[in-house]
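Trainee: Please look closely at one thing for me, the places where the parts of this model meet. I would like one connected account.

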Protein chains: 2
Amino acid sequence: MDSTLDIAHASPEELAALHADLRAQHRDLVAANLSLDLTRGKPAPAQLDLSSALLDLPGDGNYRAPDGTDARNYGGLTGLPEVRAVWGEVFNVPGAQLIEGGNSSLALMHDVVVNAVLHGTGDGELAWGGQQISFLCPVPGYDRHFTILEGLGITMIPVPLLADGPDMTVVKDLVAADPQIKGIWCIPKYSNPSGSVYSDEVVAELASMPTAATDFRIFWDNAYAVHHLTEEAVELADILATCEAAGNPERAYIFGSTSKITLAGSGLSFFGGSAKNVAWLQKFLFCRTIGPDKINELRHLAFLPDAAAVTDLMARHRAVIAPKFDMMLRILAENLAGSGVATWTTPKGGYFISLEVPDGCASRVVALAKEAGIALTPAGATFPYGKDPKDSNIRLAPTFPSLADLEKATQGLTVCVLLGAVEKQLTSTDAV
Amino acid sequence: MDSTLDIAHASPEELAALHADLRAQHRDLVAANLSLDLTRGKPAPAQLDLSSALLDLPGDGNYRAPDGTDARNYGGLTGLPEVRAVWGEVFNVPGAQLIEGGNSSLALMHDVVVNAVLHGTGDGELAWGGQQISFLCPVPGYDRHFTILEGLGITMIPVPLLADGPDMTVVKDLVAADPQIKGIWCIPKYSNPSGSVYSDEVVAELASMPTAATDFRIFWDNAYAVHHLTEEAVELADILATCEAAGNPERAYIFGSTSKITLAGSGLSFFGGSAKNVAWLQKFLFCRTIGPDKINELRHLAFLPDAAAVTDLMARHRAVIAPKFDMMLRILAENLAGSGVATWTTPKGGYFISLEVPDGCASRVVALAKEAGIALTPAGATFPYGKDPKDSNIRLAPTFPSLADLEKATQGLTVCVLLGAVEKQLTSTDAV
């Protein structure tokens, strides 16, 4: 395979030869009976091993919170203050304004939307549930964010996500004009899947932009706050302080978790916001539960007693996964760079690489990969309603497979990308 | 103090003397500066000690589920099958129809109501949220059940709770007539606070009674399924099978937890129901979370590998708390039995004793106790909207205090009950 062949400008003869060669390579892949998976943004076993200490913490007899409370019993709706202080530092929220809420930040996001649907945001505005409301969804984005809204019948309006955040020209026009636009999903750092990091300018605009809705909210899912892939620990502006300074102190709801820091299914999750927003959520939490699992909080406090310990742990995560990103990026470059049919992101952190193939090709590439035993995230998953209007985006998740599997999967993937692109080129040539 | 004096039939002189004596006793109590608490249905530290093994489980390296799954990672929306099998036996639900859902069964109850409000119950009927609906609330009952409904604006209709379950004559008439009555709260075994146990006949009637609402649901909070206080492990009819046999297979939503079995804030909770209801809930769980804490499930599986282990553990709980109930009942009998002003329940299980004082006296007794440093559950808490129409019920929780504290608190309580009753008798005598 001539990986330097520019497919768009190839001669019919060159295209035919490349097509035959790629078909043969794809047949070999299918025959190899692979079973590889690039779909899941899951930590690898070697990453989970980094937190194996949690498996016998807090340890026999260690059930007292720092203030002497028996953490085994009921009580404490918002979590232990010491835990909230540590993670408040990580997520840039004062500990008193951070609530620990169990093993899933997705659940906190869901419940915050549900509370606003049922009761309103506490601004004196109507409950969202009685109205046909909308959210802005920077794309490509995270499918589980979209699932929450779709389940509640909230209209999703895609807006382009650029390298430094959402396209603010589009965002500002929309929110200024339409009072039924009540929210925007943001993964402000190392975004899923593009790796975008919101610039200070974008954060300032989000915080200060006039919105027709007085109960407009930024859903700030800081899922990858400390998940660096390079030496550069990219800094993110303080959304809470920026909103307050802009005169919109209640605008941001902040979410975070330890899911990709400690044990993915058994960690802590957090909601942060203004004191008023925290009180608002607390009122509904009281209707729902007696409190979070304080023993799991003690486990995490013993294992990660301060923000510095979190930084150390994340450096060890990076040592496991940065080589996987490097390998995937190297193979993509080697096999696709000269072809002119694909572009991809080079994230400085997070869990994903976002791959762009020619318009109309993403579904075909995913299907070709499936035939070859390589599971890819369904085309369209990164868009609201699962519909990528250009059918061009594919989310790649390199963290979970072993390096050996990842190499095979990425090599196979590039064959599928090229084959899909050549097929399209041949079809469009035929059509001329 | 003559504890055999029948207050209602005492002479004015006897009453005046008793009043003076009780006032003196109460003054002594106030002077003693007690700080005692009979409010909380919380396990005592000695009970939590019974599950101290959980504090270093599952143990280093033990992160595999029985089927080999790495339980540290994401995945598994409904919990590990082996855990569901053990607790399915405890709660009389097939394991495949039981979902493990985190550390709080209250949260599961809340979320089930919220899902029905937002989406309906999957019967093809309307979402509950668009209508003014009602629930039947057997009283006295559990305040946190009422809080869920109050928060959602659902009307609560109190119905009398008898020793063998709700007054079914009342219940059947109401549900047959009103299609807006969508549910009933039930704590079918060792009910909070009365200790009532639903008889087989009541269970059969609940399962089979005609309801005007086709989407009527029984919220079956089996919180004290294995929490026996006597040798007699009272049996409860199988609500799921009974509903199915009656032709109402989707009628019962079953809830349970390990909160008062292992560690109160760090246990497992469960939802059970028909296959259709389980699928219904699962659809909404998917919008909310990736799954429950499977490491905590492994912990519990190692500690309580089968239902027999649960039975053994509950016998040890009984050894801690049965003496507390015995002491409280003995003191109530010694100090109040002859007075004619109070009755109370003698539960065979659960966490509470329900005390009835003369009409209009409960608030006064609680206030007198508070002056004496004895915290009682607020009068009215066991009724919807916190309003006991007769102001006569007080919930007593003997499990948490030490035996020594419990003795002091109960002795003091009886002084307050008698004083409250004598005050009322004097007032009504004056009024004649």
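Mentor: Buried area is the accessible area (1.4 Å probe) that two parts lose on being put together, summed over both. The model is predicted, so local features need pLDDT of at least 70 and side-chain atom pairs count only at pLDDT 80 or more, while totals for chains, interfaces and linings use all residues. Residues are numbered from 1 along each chain as its sequence is written, chains are lettered from A and ligands numbered from 1 in the order in which they are written, and side-chain values use heavy atoms, with hydrogens and water left out.

Start inside chain A. Where they touch, 25 residues of domain 1 of chain A are in contact (heavy atoms within 4.5 Å) with 32 residues of domain 2 of chain A. Together domain 1 and domain 2 of chain A bury about 2400 Å², and 65% of that is on carbon and sulfur atoms.

Next come the pairs across this domain interface. The rule finds two salt bridges between domain 1 and domain 2 of chain A; a salt bridge is a side-chain nitrogen of Lys or Arg within 4 Å of a carboxyl oxygen of Asp or Glu. The side chains of R318(A) and E231(A) form a salt bridge, with 3.3 Å from N to O. The rule also finds 10 residue pairs in polar contact between domain 1 and domain 2 of chain A, both residues at pLDDT 80 or more. A polar contact is a pair of N or O atoms within 3.5 Å; within protein, one must be able to donate a hydrogen and the other to accept it, and residues adjacent in sequence count only if both atoms are side-chain atoms.

On the domain 1 side of chain A, two or more residues each come from helix 11 (307–336), strand 11 (353–356) and strand 13 (393–396). Helices (H or I, at least four residues) and strands (E, at least two) are DSSP runs, numbered from the N terminus. Helix 11 of chain A gives the most to that side, with seven residues. The domain 1 side of chain A divides into 14 nonpolar, eight polar and three charged residues. In that count Ala, Val, Leu, Ile, Met, Phe, Trp, Tyr, Cys and Pro are nonpolar, Asp, Glu, Lys and Arg are charged, and the others, Gly among them, are polar.

Now turn to the two chains. 57 residues of chain A are in contact with 57 residues of chain B. Chain A and chain B bury about 4500 Å² between them, of which 53% is on carbon and sulfur atoms. The rule finds four salt bridges across the interface of chain A and chain B. D111(A) and R288(B) meet through their side chains in a salt bridge, at 2.6 Å from N to O. Between chain A and chain B there are 26 residue pairs in polar contact, both at pLDDT 80 or more.

On the chain A side, at least two residues each are supplied by helix 2 (45–49), helix 4 (105–119), helix 5 (143–151), helix 9 (275–288) and helix 10 (294–303). Helix 4 of chain A has the largest share of this side, eight residues. The side of chain A that touches chain B is made up of 26 nonpolar, 18 polar and 13 charged residues.

Last, the arrangement of the copies.
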